[in-house]
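Work through the exercises below with the model open. Try each task before you read its solution.

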Amino acid sequence: MTKPLLDVRDLRVTFQIRREGAMPWSAPTPLHAVGGVDFSLNPGETLGVVGESGCGKSTLARALIGLVPATGRAEWIDSKDLVAMTPRQMMRYRSDIQMVFQDPLASLNPRMTVGQIIAEPLKTHRPGLSSAEVKTRVKAMMEKVGLLPNQINRYPHEFSGGQCQRIGIARALIVEPKLIICDEPVSALDVSIQAQVINLLIRLQKELGLALVFIAHDLSVVKHISDRVMVLYLGKVMEIGSSDDLFADPQHPYTQALLSAVPVPDPDHDVAGSVVPLSGDLPSPMNPPSGCVFRTRCPRAQAACAEQVPALMGQDHRTACHFPGPLTEEEIARARKTEAA
Amino acid sequence: MVIQQDKMQSLAARMAQDEVKGRSPWADARKRFFRNKAAMTGLIILIAVALFALLGGYFAQWSNEDLDFTVMGQVATMGAPSLENGHYFGTDDLGRDLFARTVQGTQISLMVGIVGAAIAVIVGTLYGATAGYVGGRTDQIMMRAVDILMSIPYMFVLILLLVMFGRSIAMLFLGIGLISWLDMSRIVRGQTLSLKNREFIEAARATGVPSWKIILRHIVPNLLGVVAVYATLLVPLMILTESFISFLGLGVQEPLTSWGALISEGAGTMNYGTLWQLAFPLFFFVITLFGFFFVGDGLRDALDPKDR
């Protein structure tokens with residue numbers, strides 16, 4: 001087996017939240033935004049990360065790139081642990097891991113020209129390059145992502161959302177990274193532009209042999225782009241497996257509920273008859289449920305679920321559930337009843 | 001469908017054109033500013049006052065130090081503004097040419113205003129941006145220091161400084177510089193806090209751009225709109241402070257003078273029928289303040305189109 005590009009073990013991100021009006025000496029409450037995530041990523045592979053809002057997808061991305069402090073282990077291909085690094089040591093790896101952000105316009109400095117924006121990582125990581133060399137590379141990269149190179153002196157507000165996202169992608173690619181973390185790169189775009197940007201990412205991935213961590217809450221997009229998919233809930237991995245496997249045969253009740261909610265482009269589709277509703281809201285990450293974090297909303301929850309945290313089981317398709325398997329008709333009916341009540 | 005050859009060619013020429021020039025947010029703001037009539041009037045007034053300060057000396061018939069002995073003692077009758085004897089603005093109580101004195105006062109007052117505002121811009125922006133960007137304990141300490149400095153009654157300190165160390169322009173600059181940046185640093189810090197979590201800052205941090213470069217390259221240029229507006233409103237404030245100090249008789253020292261000192265002298269002799277001694281410095285003082293306020297307003301509108 002080849003060595004993975006990135007091997008993440010028990011990655012945790014905990015924020016210390018001070019309650020409003022609390023005394024300065026009182027201990028802050030810990031908020032476990034990411035509570036022990038394990039996964040590995042092979043070179044050139046795409047890992048889709050899905051989950052509802054507030055489940056820690058973006059925090060995971062920020063932890064991987066070193067924007068928020070994390071604990072645990074994230075082993076790069078050369079066996080160095082990214083989490084334990086000082087900022088100075090991390091500097092070498094920053095050009096290997098780049099990020100594409102959610103809001104295309106907000107991720108570009110409005111006072112800089114496109115050329116300056118794309119050149120910034122290059123100037124930071126390859127300070128020896130002459131300015132003429134930087135310019136040729138920027139232009140070549142603009143061409144690669146489908147922008148006209150003669151627009152190098154334009155400002156971000158003169159571009160459309162899709163073009164801005166292409167600029168963001170160009171900025172990420174200019175230092176020839178091995179891994180790109182895409183934090184919901186298409187959720188702010190029109191559907192037709194989404195397809196363009198996704199296909200651009202797929203093409204660039206093939207050309208340059210990139211690994212992608214693709215965060216989204218649009219499951220059909222994730223299915224289209226990912227080799228493997230990881231389902232997060234409340235900062236924990238619920239299920240992880242190859243894209244085909246996971247979409248065809250989801251084992252975890254949460255994954256099944258999530259997949260049942262994917263809109264089907266068919267007006268005759270029976271929505272009420274296919275969706276597995278989840279009652280209630282996401283529990284607060286400051287006070288997560290004991291045992292399995294999903295048990296409060298799970299149609300299959302039993303006494304054991306409150307006591308023991310389920311471990312990720314399985315070989316390639318791994319599930320963190322005490323009672324994995326497809327939901328029965330009875331369980332779906334029960335879920336509908338609690339939802340209605 | 002017929003393809004029009006010439007149109008296609010012009011399109012091709014445009015596509016092949018080397019590097020289209022972009023329209024920066026600054027260029028947009030400039031355009032909006034130039035369309036604003038009040039602001040343009042203010043700007044023209046300010047340019048005129050500045051030209052007066054710079055070039056007025058060449059038109060003066062008298063130096064600002066010479067006493068005109070022919071009008072001395074009978075200023076009320078002989079010292080009125082006239083073109084014949086070269087005292088365009090009349091003379092002051094001692095027979096000195098008021099035109100030359102006003103030119104000199106304008107120079108000093110504008111200099112005080114601009115230097116005060118410049119100190120505020122440079123120190124206040126860097127201090128506030130650093131405090132806001134670094135955050136945490138550093139921010140707490142830096143901003144509490146500003147709070148403490150602000151709580152000191154600055155006019156009192158300024159007067160004490162001038163009394164203890166003697167009245168001099170340098171001392172005045174020091175005093176005004178010490179207080180002028182406090183407000184600016186607070187405003188800048190607030191703006192920085194809201195900028196700090198924007199995604200483009202995060203993108204720069206993720207790339208590994210060092211903090212000082214992020215502050216200078218990403219934060220400060222995005223702050224400049226607010227800073228420019230506040231600075232133009234700060235200049236008249238500085239002029240007012242200096243005038244007040246000079247009016248109290250503590251500001252600039254003879255033979256130097258400023259608008260405040262001239263107005264003070266003019267106000268003292270108001271009752272003796274020499275109203276021009278008050279009117280001319282006051283006129284320049286008032287139009288300059290108006291000019292700065294209009295320009296400041298115009299800049300705010302131009303730089304912040306969403307805010308209207």
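Helix H5(A) is mostly covered, with twelve of its 13 residues buried. Buried means 20 or more other C-beta atoms within 10 Å of a residue's own; exposed means 12 or fewer, partly exposed lies in between, and C-beta atoms are placed from the backbone. This is a predicted model: local features need pLDDT of at least 70, side-chain atom pairs count only at pLDDT 80 or more, and totals for chains, interfaces and linings use all residues. Residues are numbered from 1 along each chain as its sequence is written, while chains are lettered from A and ligands numbered from 1 in the order in which they are written.

**Exercise 1. A covered helix**

Task: Find the span of H5(A), its buried residues, and the elements that they pack against.

Solution.
- Step 1: H5(A) covers residues 161-173. Helices (H or I, at least four residues) and strands (E, at least two) are DSSP runs, numbered from the N terminus.
- Step 2: Its first and last C-alpha atoms are 18 Å apart, close to the expected 18 Å at 1.5 Å a residue. The expected span is 1.5 Å times one less than the number of residues.
- Step 3: The buried residues include Gly162(A), Cys164(A), Arg166(A), Ile169(A) and Leu173(A).
- Step 4: The buried residues pack against strands E5 (97-100) and E6 (179-183) and helices H3 (114-125), H4 (131-144) and H6 (191-208) of chain A. Contact here means C-beta atoms, placed from the backbone, within 7 Å.

**Exercise 2. An enclosed strand**

Task: Which way do the residues of E8(A) point, and which strands pair with E8(A)?

Solution.
- Step 1: Six of the six residues of E8(A) (228-233) are buried, so this strand is largely enclosed by the rest of the structure.
- Step 2: In a regular strand, side chains alternate between the two faces of the sheet. Arg228(A), Met230(A) and Leu232(A) point one way; Val229(A), Val231(A) and Tyr233(A) point the other way.
- Step 3: E3(A) (46-50) runs parallel to E8(A), joined by four bridges. Pairing requires at least two DSSP bridges between two strands. Val50(A) stands opposite Val231(A).
- Step 4: E9(A) (236-242) pairs with E8(A) in the antiparallel sense over six bridges. Leu232(A) has Val237(A) as its bridge partner.
- Step 5: The hairpin of E8(A) and E9(A) has two residues between the strands, and Leu234(A) takes a positive phi near 55 degrees.

**Exercise 3. An open sheet**

Task: Give the strand order of the three-stranded open sheet in chain A, and find the helix across E1, E2 and E4.

Solution.
- Step 1: The order is E2-E1-E4, with antiparallel pairing.
- Step 2: E2(A) (29-41) and E4(A) (71-76) are the edge strands, each pairing on one side only.
- Step 3: The twist averages 20 degrees from one strand to the next.
- Step 4: Five bridges join E1(A) (6-17) to E4(A). Val8(A) has Ala74(A) as its bridge partner.
- Step 5: H1(A) (57-64) lies across E1, E2 and E4, at about 70 degrees to E2(A). Axes are lines fitted to C-alpha atoms, for helices over the stretch in contact; angles run from 0 to 180 degrees between N-to-C directions.

**Exercise 4. Where the chains touch**

Task: How many residues does each chain give to the contact?

Solution.
- Step 1: Chain B gives 23 residues and chain A gives 25 residues.
- Step 2: On the chain B side, H9 (199-207) and H10 (211-247) each supply at least two residues. H9(B) gives the largest share, eight residues.

Definitions and conventions:
Contact = placed C-beta atoms within 7 Å.
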